[in-house]
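Here is a short tour of a structure, written to be read with the model open beside you.

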Amino acid sequence: GRARLSSSEPQARHGRSEEEEVEEEEGCYQLYPGHIPTSPLQKALLAAGSACMALHDPYRHDMVAVLGETTGCLALPNLRDKMKNHPEGYRILQERPRIRLSTLDMGRLQGLPDGTLGREYVRFLEDNKVSPDTRMPPKFVDDEELAYVIQRYREVHDLMHTLLGMPTNMLGEVVVKWFEAVQTGLPMCVLGAAFGPVRLSTRKLQVLATELVPWAIRSGRNASCILNIYYEQRWEQPVESLREEIGIFPPP
Amino acid sequence: AAAGLCPCRTLLARRGGALRALCGSVRGLAAGPETHFGFQTVTEEERREKIYQVFESVAKKYDVMNDSMTLGIHRVWKDILVHKMNPSPGTLLLDVAGGTGDIAFRFINYVRSVRERQLQRKLRHHQNLSWQEISESYQEDKSKSLGDSQVVVCDINKEMLKVGKQKAQHLGYSEGLSWVLGNAEELPFDDDMFDVYTIAFGIRNVTRIDLALQEAYRVLKPGGRFLCLEFSHVNNPLLSRLYDLYSFQVIPVLGEVIAGDWKSYQYLVESIRRFPPQEELKAMIEDAGFFKVDYQNLNSGIVAIHSGFKL
């Protein structure tokens, strides 16, 4: 952080009162690039607004991201502490790896044998036509380390899909959300898990309720913290072995 | 760590003054005369660039955001502007920074309805004519539903003009409307051309207001009228506090939720605070050569309409 400006400025030429709520000046309050400092009232408004907008327009992924940031004030420190207390998690916090197309060696991952984390991850990206670079950087988290934690959670999301074997359609996303809700306790995941099914057909809802969700919850409870795995160092590890190690039950 | 310095609720006055110059001096000293972009200090070139980007970014959601931020009241303000203008058929209007066409469409509607009333009155006086003569006079008047009135919408931003043209097409406005890409500080028009010049919620974004006012004077015909609709300063202290609270707490949030763009709306509320108040703007308009300059506050000064004449 940087030093605060004092309020000793001369009276503004328009003679207005000195008191004025100001939310941002570039370079003075930003704790990390892209950070927008917000007051508690703004966070509350953002949380409410983004929740409504995300329900109204599910394609507004940025709203889901904002909801996560503005409601994560309890869950994020919790996650950060879990990471700090685990040797691998601690290393991740120190080294701050990022999962982006520029840091991944796609060629090497594609060349790995089938069934390995790297190969299956790339397959997942190709099959669902997604890229790790579309994750929103955090804006409203007022702590630089917690901002990294939420960024890491977002970037690891695709790996969750891979480990759980879930596609990126609505059903798959909801299942992953249930798993993440149990794992992270992030209110955004809980809300997503609870409200996501609203847009599913009855048939899918049935499968969801009877098989997928119970499995996701059991796995979530059984598994160790998913943010404590240094995925970038385990590309060669077979997915099944990694699942066993973490404690995720085989997908139905 | 940095959490202790987190400014969640700092109350700070940040405008003008030595402290700002200090902040500003860190940014290129070489690059030219300094001005403001919201509460930041930037060079004039940087300001023009940033403002262009703001409007490029907000263009598609401009109208939706206006409705959300002002709860639809901006429509009333614009209606009042056009009523004050009271254009008669045959008026040539230049609407600068007219972007998405709100003033232009209102002008066309107004002139059309005035024209219709004119025609109705004419009909009533001609009730002694034969059926044939009456229907012949329809033919003549049909082609002049606007009565030769024209509006030229001029904006510096391609995206805003694009949205305006699409809107015009969608709403069915075609005749009497032209779209020109141009800079308010240096208009691409000849001297003494227009009957009325309007700039609604645009002059705040101009970097050299004095130049824009001079250009306005130049392109108006003698007898022409200058009208400016813009956010201004609220005198009432209670209302002012509520307005500030709403502006700084709610509007950027609306920007983020509706348009996915916090920063542009943060700029917007800051730029309103930076803009000269009513009397100062009046003086600037007089400096440009206009006479009978006056202003009308709307909603206790949240918005003001300034008017002047070229004699």
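Predicted model: local features only at pLDDT ≥ 70, side-chain atom pairs only at ≥ 80, totals over all residues.

Because Arg135(A) sits in the loop between α6 (117-128) and α7 (144-164) of chain A while Asp158(A) belongs to helix α7, the pair ties together parts that are 23 residues apart in sequence.

Is Asp158(A) buried or exposed? With a relative accessible area of 2%, Asp158(A) is buried.

Side chains of opposite charge can pair when their charged atoms come close.

Glu245(A) forms a salt bridge with Arg234(A), and their closest N and O atoms are 3.0 Å apart. This pair links distant parts of the chain: Glu245(A) is in helix α11 (residues 239-246) of chain A, and Arg234(A) is in the loop between α10 (202-222) and α11, 11 residues apart. Glu245(A) counts as partly exposed because its relative accessibility is 45%, whereas Arg234(A), at 13%, counts as buried.

Next comes Arg119(A), whose salt bridge is with Asp114(A); here the closest N and O atoms are 3.7 Å apart. Arg119(A) is buried, with a relative accessible area of 15%, while Asp114(A) counts as exposed at 57% relative accessibility. Which residues are linked in a network of salt bridges? They are Arg80(A), Asp81(A), Lys84(A) and Glu145(A).

## Chain A as a whole

With those pairs in mind, step back to the whole chain. Chain A has 11 helices and zero strands, so its elements read α-α-α-α-α-α-α-α-α-α-α from the N terminus on. Of the 252 residues in chain A, 53% are buried.

As for contacts in chain A between residues at least 6 apart in sequence, 69% join residues at least 24 apart.

## A hairpin in chain B

Now turn to chain B. Strand β8 (residues 291-298) and strand β9 (residues 303-309) of chain B pair in the antiparallel sense, over six bridges. Within this pairing, Asp294(B) stands opposite Ser307(B), which is in β9(B).

The two strands, β8(B) and β9(B), form a hairpin, and four residues lie between them. In the turn, Asn299(B) has a positive phi of about 55°.

## Around Ser149 in chain B

The last stop is Ser149(B), found in the loop between α6 (131-142) and β4 (150-155) of chain B. Ser149(B) counts as buried because its relative accessibility is 4%, under the 20% cut-off.

What surrounds Ser149(B)? Leaving aside neighbours within four places in sequence, Ser149(B) is in contact with Ser88(B), Pro89(B), Gly90(B), Thr91(B), Phe107(B), Val111(B) and Gly176(B). One of these, Gly90(B), has its backbone nitrogen 2.8 Å from a polar atom of the Ser149(B) side chain.

Conventions:
Residues numbered from 1 in each chain as written. Chains lettered and ligands numbered in written order. Heavy atoms only, no water. Buried < 20%, exposed > 50% of the residue type's maximum accessible area, 1.4 Å probe, protein only. Contact = heavy atoms within 4.5 Å. Salt bridge = Lys/Arg side-chain N within 4 Å of Asp/Glu carboxyl O. Pairing = 2+ DSSP bridges. Polar contact = N/O pair within 3.5 Å; in protein donor to acceptor, adjacent residues only side chain to side chain.
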